[in-house]
Amino acid sequence: MVEIWVNGGSVTLEDNTSVDSLIDSLGLSDRKIAIEINHQIVSRSRYDSITLKHEDKIEIVTAVGGG
Amino acid sequence: MNSKNFTIGTRSFTSRLIIGTGKYQNFSETQSAIKNSGAEIVTVAIRRTNLGQESSEPSLLDYIDRGKVTLLPNTAGCYSADEAVRTLQLARELLDGHDLVKLEVLGDPTTLFPNVTETLIAAERLIQDGFQVMVYTSDDPVIAKRLEELGCVAIMPLASLIGSGMGILNPWNLKIIIDNSTVPIIVDAGVGTASDATIAMEMGCDAVLMNTAIAAAKDPVGMAGAMRKAVEAGREAFLAGRMAKNAYQASPSSPKTGLLTPKG
C-alpha cells in the first residue's frame with residue numbers, strides 16, 4: 001500500500017495505482033480537471049502511464065464560479 | 001472586419017460586457033444571467049475539486065455553452081506571482097490549451113487591492129510562457145502602461161474595490177489610462193449598477209467586466225439585461241461624440257427670433 005496526499009488529505013492506495021485509476025475511483029473521469037503531482041502538472045495523456053508513489057502530493061483542480 | 005467587433009489579443013468579440021460566474025444562487029441562475037447579458041466571455045476560478053462530491057453532481061462547466069462563450073480563468077485568491085502563474089498553467093491544462101487568461105495578484109485580503117509589483121512579475125512570466133494576459137490592476141497610469149509594454153493583451157483597471165459596487169471613483173486616472181493605451185482598456189471591479197457601466201463606456205473603455213453587480217442584484221437575470229443595454233448605450237454615445245459641457249452659460253434649443261412677445 002502507498003499513502004499519498006490528495007488535495008491536502010491523506011489517501012491510502014494499492015501499490016502501482018495509476019493516476020487514471022485514482023481519478024476513476026474519485027468519480028472524476030468525466031470531469032474537466034487538471035492534476036499536479038509534486039508541483040508538476042501532469043497532462044491527461046499520461047494519466048494511465050504514471051504510477052503513484054508513497055508520499056506523492058496530488059492536487060486536482062477544476063473550474064468553479066468566480067469573478 | 002465588422003467595425004462593431006473588438007479584439008482582445010488574437011480573438012474578436014461583439015459583446016463588450018464580460019461577466020463573472022461567482023455568487024449566483026445556483027448554476028441555472030448563472031446560465032440565465034450569462035444568456036441575458038449577451039456576454040461572450042465569462043470568468044471562472046480554479047479551485048481544488050471537492051473530493052466528497054458525488055460524480056453525478058452537476059458542475060459549472062455543464063451549464064456553460066463553450067461554443068458560444070469563451071472561458072476566462074482567473075487567479076482570484078493568489079497573493080504571489082508564483083501562485084498566479086501556477087494557477088493559470090493548471091487552467092491551461094484544464095481547458096485543453098486555452099491561453100486567454102485573467103491575471104490578478106492580490107495585495108490585501110480586506111480590500112483585495114492588487115499587488116502591482118507581483119502583478120508585473122507574473123505578467124512577464126506568463127507572457128513568456130505564451131499566455132494572452134488580461135490583467136487586473138490599479139488605476140495607476142504608469143503601471144497600466146508598463147503592463148501594456150510587457151505585452152498584456154488588455155489592461156483592466158479597477159473602478160473601485162472588488163464587489164464594492166462603488167462605481168468609478170477616479171474617472172480622471174481612468175481617462176489618462178484610456179488615452180495613453182494602444183490595447184483594450186476594460187474596467188474590472190467595482191461596477192454597481194447600469195449607469196456605472198455606461199459611464200465607463202462613454203469615457204472610451206473598450207469593455208466592462210463585472211460579477212457582483214449582476215449576481216448580487218435583487219433580480220440578477222434582470223440586471224444582466226440592464227447591463228447589456230448599459231454597455232451598448234455607453235459605447236454608442238462614445239462613438240456618437242457627446243456635446244461640449246458649459247458650466248456657466250445656457251444655450252437655448254428653441255429660436256430666439258420670431259417670439260410673440262419680442263424681447264428688447
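User: How much of chain B is buried?
Analyst: Of the 264 residues in chain B, 49% are buried. Buried means under 20% relative accessible area, exposed means over 50%, and partly exposed is in between, with a 1.4 Å probe and protein chains only.

User: What should I know about the ground rules here?
Analyst: This is a predicted model, where local features need pLDDT of at least 70, side-chain atom pairs count only at pLDDT 80 or more, and totals for chains, interfaces and linings use all residues. Residues are numbered from 1 along each chain as its sequence is written, chains are lettered from A and ligands numbered from 1 in the order in which they are written, and side-chain values use heavy atoms, leaving out hydrogens and water.

User: What's the mean pLDDT of chain B?
Analyst: Chain B has a mean pLDDT of 96, and 97% of its residues reach 70 or more. pLDDT is the predictor's confidence in each residue, from 0 to 100. For the complex, the predictor gives an ipTM of 0.95 and a pTM of 0.95.

User: How many helices and strands in chain B?
Analyst: Eight helices and ten strands. Those are DSSP runs numbered from the N terminus: helices are H or I with at least four residues, strands are E with at least two. The C-alpha trace of chain B spans about 85 × 40 × 40 Å along its principal axes.

User: OK, salt bridges. How many over all chains?
Analyst: The search of the whole structure finds 13. A salt bridge here is a side-chain nitrogen of Lys or Arg within 4 Å of a carboxyl oxygen of Asp or Glu.

User: Which residue does A:Glu59 form a salt bridge with?
Analyst: B:Arg48, with the closest N and O atoms 2.7 Å apart. A:Glu59 is in strand E5 of chain A and B:Arg48 is in strand E4 (residues 41-48) of chain B, so this pair joins two chains.

User: And are those two buried or exposed?
Analyst: A:Glu59 is buried at 17% relative accessible area, while B:Arg48 is partly exposed at 45%.

User: What about A:Lys53, which partner does it have?
Analyst: A:Lys53 forms a salt bridge with A:Asp56, and their closest N and O atoms are 3.5 Å apart. A:Asp56 counts as buried, at 3% relative accessibility.

User: Where do B:Arg146 and B:Glu149 sit?
Analyst: In helix H4 (residues 141-150) of chain B, three residues apart, so about one helical turn separates them. B:Arg146 is partly exposed at 38%, and B:Glu149 is exposed at 54%.

User: Which residues are linked in a network of salt bridges?
Analyst: B:Lys102, B:Glu104 and B:Asp188 are linked that way.

User: Switching topic: where is A:Asn7, and what's its phi?
Analyst: A:Asn7 is in the loop between strand E1 (2-6) and strand E2 (9-13) of chain A. Its phi is positive, about 50°, although A:Asn7 is not a glycine. A:Asn7 is buried, with a relative accessible area of 11%.

User: And B:Asp96, what's its phi?
Analyst: Near 55°, a positive value in a residue other than glycine. B:Asp96 is in the loop between helix H2 (81-94) and strand E6 (100-103) of chain B, and is exposed, with a relative accessible area of 57%.

User: Last one: where is A:Asp48?
Analyst: A:Asp48 is in the loop between strand E4 (40-42) and strand E5 (57-65) of chain A, exposed at 55% relative accessible area.
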